[in-house]
Amino acid sequence: MFSRPPFLGPENRLGRLGWEAPVALRTTVGERAAGERERSAVTGEGSGAMDSMSMPPIRVVVAKPGLDGHDRGVKLVARALRDAGMEVVYTGLHQTPEQIVSTALAEDADAIGLSVLSGAHMTLFARVLELLADAHAQDIVVFGGGIIPEEDRAPLADLGVAQVFTPGATMAEIVAWTRAHVRPSAVA
């Protein structure tokens, strides 16, 4: 009988991922990133995600705050970031801002990516940024995406949200922006 790997069990504190999208597995991500760094350093090939073996990967916590239960897009983003050589921790559905910030601090994250489709983006982003400020962790870059009206993007930027991706943004755009605007904490 085929046994379920422990990281896919319902006891996983990072959320239930299911067999089709194991996108938040830090150990797997770390092994993959290390393998790509080695291949890139030895052959000059690979994804190009790492410029050298000494540069640590960007660490991103990806989260679905609030009561929104639509997670296909956030899982695709998490996988794209992971495939680009970043370490990604997906917190799962229905996370509070407190849980998200706690995870980001515990994981020594360089960025937090929030996916909000419920219309509560102003409240949720503001609370995450407030909690980061309370923890003196304003160096953690906050970006996000979802169904966010044009008129709310400037106020979100004023709050400190670094970037808002809307439907139609490509995975390549999200990866490129993250590489350009987020620096690993050991480098920054």
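Helix 3 passes helix 4 in a right-handed crossing (the near helix is turned clockwise from the far one by less than a right angle). This is a predicted model, so local features need pLDDT of at least 70 and side-chain atom pairs pLDDT 80 or more, while totals for chains, interfaces and linings use all residues. Residues are numbered from 1 along each chain as its sequence is written, and side-chain values use heavy atoms, with hydrogens and water left out.

The axes of helix 3 (residues 97-106) and helix 4 (residues 121-134) come within 9 Å and cross at roughly 45°; axes here are lines fitted to C-alpha atoms over the stretch in contact, with angles from 0 to 180 degrees between N-to-C directions. Helix 3 brings Pro 97, Glu 98 and Val 101 to the contact, and helix 4 brings Leu 124, Arg 127, Val 128, Leu 131 and Leu 132 (contact means heavy atoms within 4.5 Å).

As for the chain overall, six helices and five strands make up its secondary structure; these are DSSP runs, H or I of at least four residues for helices and E of at least two for strands. From the N terminus on, they run α-β-α-β-α-β-α-β-α-β-α. Of the 188 residues, 46% count as buried, meaning under 20% relative accessible area with a 1.4 Å probe, protein chains only.

Glu 87 sits in strand 2 (residues 87-90) and counts as buried because its relative accessibility is 14%. Its side chain makes a polar contact of 2.5 Å with that of Arg 59 (a pair of N or O atoms within 3.5 Å, one able to donate a hydrogen and the other to accept it; residues adjacent in sequence count only if both atoms are side-chain atoms).

Definitions and conventions
Buried < 20%, exposed > 50% of the residue type's maximum accessible area, 1.4 Å probe, protein only.
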